Amino acid sequence: MDSALSDPHNGSAEAGSPTNSTTRPPSTPEGIALAYGSLLLMALLPIFFGALRSVRCARGKNASDMPETITSRDAARFPIIASCTLLGLYLFFKIFSQEYINLLLSMYFFVLGILALSHTISPFMNKFFPATFPNRQYQLLFTQGSGENKEEIINYEFDTKDLVCLGLSSIVGVWYLLRKHWIANNLFGLAFSLNGVELLHLNNVSTGCILLGGLFIYDVFWVFGTNVMVTVAKSFEAPIKLVFPQDLLEKGLEANNFAMLGLGDVVIPGIFIALLLRFDISLKKNTHTYFYTSFAAYIFGLGLTIFIMHIFKHAQHFHMPGSAPVRVLVNRRGNELRCHTARM
């Protein structure tokens, strides 16, 4: 458990070496406060904007942007599926070479990250294209069978502007693949989070409660009952967490002592908060009481978790209404404090 989950994101070839882990200078109080505050801000942005985009997504008619609805049955199965996936990764890392597994995962998330980032920046980039921009429409269509038995497998519509966004996202993807830099990691992580909140829709509040309650038990068992979660988290190299260096003030962009927040602690409560925003809008009132209340509860819960972790310097679980359990792993070496908030 005394390991550096931040090493894969330091952007250097010496990541993960014992010397690199033990010789890091202690982080300053200002650097720690900046890291914590930045993680909190990065967690709030995809939830807020993803919730707003989920409203437009629910109203939209574009087949490529249709949301995936989570039913109560899906919510009940999710902790079981997540447990099987986690245990499978644990066995893979135990049996096969960690280097080759992470290479496959890097390529997988490289493709997913490019697509997610392209979808994220597309609405913003459209404002910068001039009116004279030659925009052409395209359609990617895969079918199965023929005649009356023909069935659509993929039907995706896009245009030239989307291709430009895809090209820009590919630059970030290559940067992440070659350097594993923490900024590239965060761009992918924010894109995954925003897309998750936007496109994953709970069908009602009870489904959200089932999902949050099941994941609470999932987290308690796999974190405190076994070493599976910690082992996989130490070995897993992918943009599934938001990171921010605690030594940014001392080392600048080459900083390598990170505080981390798992994307699960953003997306899972985020889809619940987005559901409440859509419910507020369905009431056709000017106030968004449920949305703002749950959003404030999430800020309070995550802030309190970070505070408790920092004061007691111990792994913490905190469960709040409208939020997923948050896990914070603390690694203490002398005066060096390194916090890790991660969910696989």
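**Helix packing and a hairpin in a predicted model**

Student: Let's start with the contact of α2 with α11: which residues in α11 do Ile32, Tyr36, Leu40, Ala43, Leu44, Ile47, Phe48 and Ala51 in α2 meet?
Tutor: Happy to, and keep in mind that this is a predicted model. Contact here means heavy atoms within 4.5 Å. By that criterion, the α2 residues you list meet these partners in α11: Phe291, Phe295, Tyr298, Ile299, Leu302, Ile306, Met309 and His310.

Student: How do the residues of that contact of α2 with α11 divide into nonpolar, polar and charged?
Tutor: Ala, Leu, Ile, Met, Phe and Tyr count as nonpolar, while Asp, Glu, Lys and Arg count as charged. Sorted in this way, the contact of α2 with α11 has 15 nonpolar residues, 1 polar and no charged.

Student: Are α2 and α11 roughly parallel or roughly antiparallel to each other?
Tutor: Look at the axes of α2 (residues 29–59) and α11 (residues 289–312), which come within 11 Å and cross at roughly 155°. Angles over 145 degrees count as roughly antiparallel. The two helices, α2 and α11, are therefore roughly antiparallel.

Student: Is the crossing in which α2 passes α11 left-handed or right-handed?
Tutor: The handedness is a separate matter from the crossing angle of roughly 155°. The crossing of α2 past α11 is right-handed.

Student: Now the other helix pair: at what angle do the axes of α3 and α8 cross?
Tutor: Helix α3 covers residues 72–95 and helix α8 covers residues 228–235. Their axes come within 9 Å, and the crossing angle makes α3 oblique to α8. α3 passes α8 in a left-handed crossing. The angle is roughly 60°.

Student: Which residues in α8 do Leu86, Leu89, Tyr90, Phe93 and Lys94 in α3 meet?
Tutor: The residues of this contact divide into 7 nonpolar, 2 polar and 1 charged. On the α8 side, the partners are Val228, Met229, Thr231, Val232 and Ser235.

Student: Turning to the strands, which residue in the turn of the β2 and β3 hairpin has a positive phi?
Tutor: Strands β2 (residues 137–144) and β3 (residues 151–159) pair in the antiparallel sense over 8 bridges, with Leu140 standing opposite Tyr156 in β3. The hairpin has 6 residues between its strands. A positive phi of about 85° belongs to Gly145.

Student: And overall, what percentage of the 344 residues of the protein count as buried?
Tutor: The protein has 11 helices and 9 strands. Among contacts between residues at least 6 apart in sequence, 71% join residues at least 24 apart. Taking under 20% relative accessible area as buried, the share is 48%.

How values were computed: Residues are numbered from 1 along each chain as its sequence is written. This is a predicted model: local features need pLDDT of at least 70, side-chain atom pairs count only at pLDDT 80 or more; totals for chains, interfaces and linings use all residues. Side-chain values use heavy atoms; hydrogens and water are left out. Two strands pair if DSSP finds at least two bridges between them. Helices (H or I, at least four residues) and strands (E, at least two) are DSSP runs, numbered from the N terminus. Axes are lines fitted to C-alpha atoms, for helices over the stretch in contact, and angles run from 0 to 180 degrees between N-to-C directions. Angles under 35 degrees count as roughly parallel, over 145 as roughly antiparallel, 65 to 115 as roughly perpendicular and the rest as oblique. A crossing is left-handed if the near helix is turned anticlockwise from the far one by less than a right angle, and right-handed if clockwise. Buried means under 20% relative accessible area, exposed over 50%, partly exposed in between (1.4 Å probe, protein chains only).
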